[in-house]
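Hi,

Here is the structure I promised to pass on. Have a look at it first, and then read on for what I found.

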Amino acid sequence: MWAATGMLALFLGAIVVTAIAGSAHPPSHVETVNPDTLRTIGEFATPGVTVNADGGVTVAMRAEFYVFRPEVIRVPAGRPVTFRITSPDVLHGFQIVGTNINLTVAPGYISEATTTFATPGEYLVVCNEYCGLAHHLMQGKVIVEGAP
Ligand code: CUA
């Protein structure tokens with residue numbers, strides 16, 4: 001009994017220590033956006049790929065009834081790609097099949113994740129949260145292009 005209690009305390013302590021020391025937070029971080037105006041104001045009004053000064057790219061995206069905007073994304077291989085995605089309507093999912101990118105997209109919040117595609121190729125993007133009658137048709141594509 002005491003051993004079990006001690007282990008619980010140890011595990012809880014490990015979670016608290018790593019959360020504080022490692023600044024642990026949910027993968028969909030807590031940046032907010034107004035879902036009513038994001039189609040007209042700001043980075044999500046003109047979604048697409050932006051090349052950063054350090055050579056990485058940032059992809060601003062909207063997930064909305066029943067499409068990803070942009071539907072086709074072209075990014076370079078071997079460089080960090082940061083996806084920033086939000087929704088003007090309901091909950092959607094953003095999963096790039098075969099990678100570690102799998103985000104819940106909630107109205108009012110910006111979900112963000114960064115990955116580096118090692119090899120050129122085409123990746124399927126799917127919505128994996130039920131969002132309505134045409135949920136199963138909601139998909140896109142990431143085309144990873146080789147270094148020039
Ligand atoms: Cu969007 Cu399911």
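Which residues does S87 touch, not counting those up to four places away in sequence? The list runs P35, L38, A63, H92, V105, A106, P107 and G108. Keep in mind as you read that this is a predicted model.

S87 sits in the loop between strand 6 and strand 7. Is S87 buried or exposed? Its relative accessible area is 0%, and anything under 20% counts as buried, so S87 is buried. One is the backbone nitrogen of D89, which the side chain reaches at 3.1 Å. Another is the backbone oxygen of V90, 2.7 Å from a polar atom of the S87 side chain.

Now the core. The largest nonpolar core is made up of 25 residues, and the ones with the most contacts inside it are F68, V75, F83, F94, I96, F117 and V142. Two or more residues each come from strand 3 (57-64), strand 5 (72-76), strand 6 (80-86), strand 7 (92-96), strand 8 (102-105), strand 10 (121-126) and strand 11 (139-145). Strand 3 gives the largest share, four residues.

Leaving out neighbours within four places in sequence, F83 is in contact with V59, M61, F94, I96, I101, S111, E112, A113, T115, F117 and V142.

On to the strand pairing. Strand 6 pairs with strand 9 in the antiparallel sense, over six bridges. Within that pairing, V81 stands opposite T115 in strand 9. Strand 9 (residues 109-116) has an antiparallel pairing with strand 1 (residues 31-32) too, this one over two bridges. There, E31 stands opposite I110.

Then there are the salt bridges. How many are there? The count comes to eight. Here are three of them:

- E43 and R84 form a salt bridge, with their closest N and O atoms 2.9 Å apart. E43 is in the loop between strand 1 and strand 2 (48-51) and R84 is in strand 6, so this pair ties together parts 41 residues apart in sequence. E43 is partly exposed at 33% relative accessible area, while R84 is buried at 10%.
- E145 and R74 meet through their side chains at 3.0 Å, N to O. This pair links distant parts of the chain, E145 being in strand 11 and R74 in strand 5, 71 residues apart. Both ends come out as partly exposed, E145 with a relative accessible area of 35% and R74 at 48%.
- E122 and K141 form a salt bridge whose closest N and O atoms are 3.5 Å apart. With E122 in strand 10 and K141 in strand 11, the pair ties together parts 19 residues apart in sequence. E122 is exposed, at 55% relative accessible area, whereas K141 is partly exposed at 32%.

Cheers

Notes. Residues numbered from 1 in each chain as written. Predicted model: local features only at pLDDT ≥ 70, side-chain atom pairs only at ≥ 80, totals over all residues. Heavy atoms only, no water. Core = buried A, V, L, I, M, F, W, Y, C linked by side-chain atoms within 4.5 Å. Buried < 20%, exposed > 50% of the residue type's maximum accessible area, 1.4 Å probe, protein only. Contact = heavy atoms within 4.5 Å. Pairing = 2+ DSSP bridges. Polar contact = N/O pair within 3.5 Å; in protein donor to acceptor, adjacent residues only side chain to side chain. Salt bridge = Lys/Arg side-chain N within 4 Å of Asp/Glu carboxyl O.
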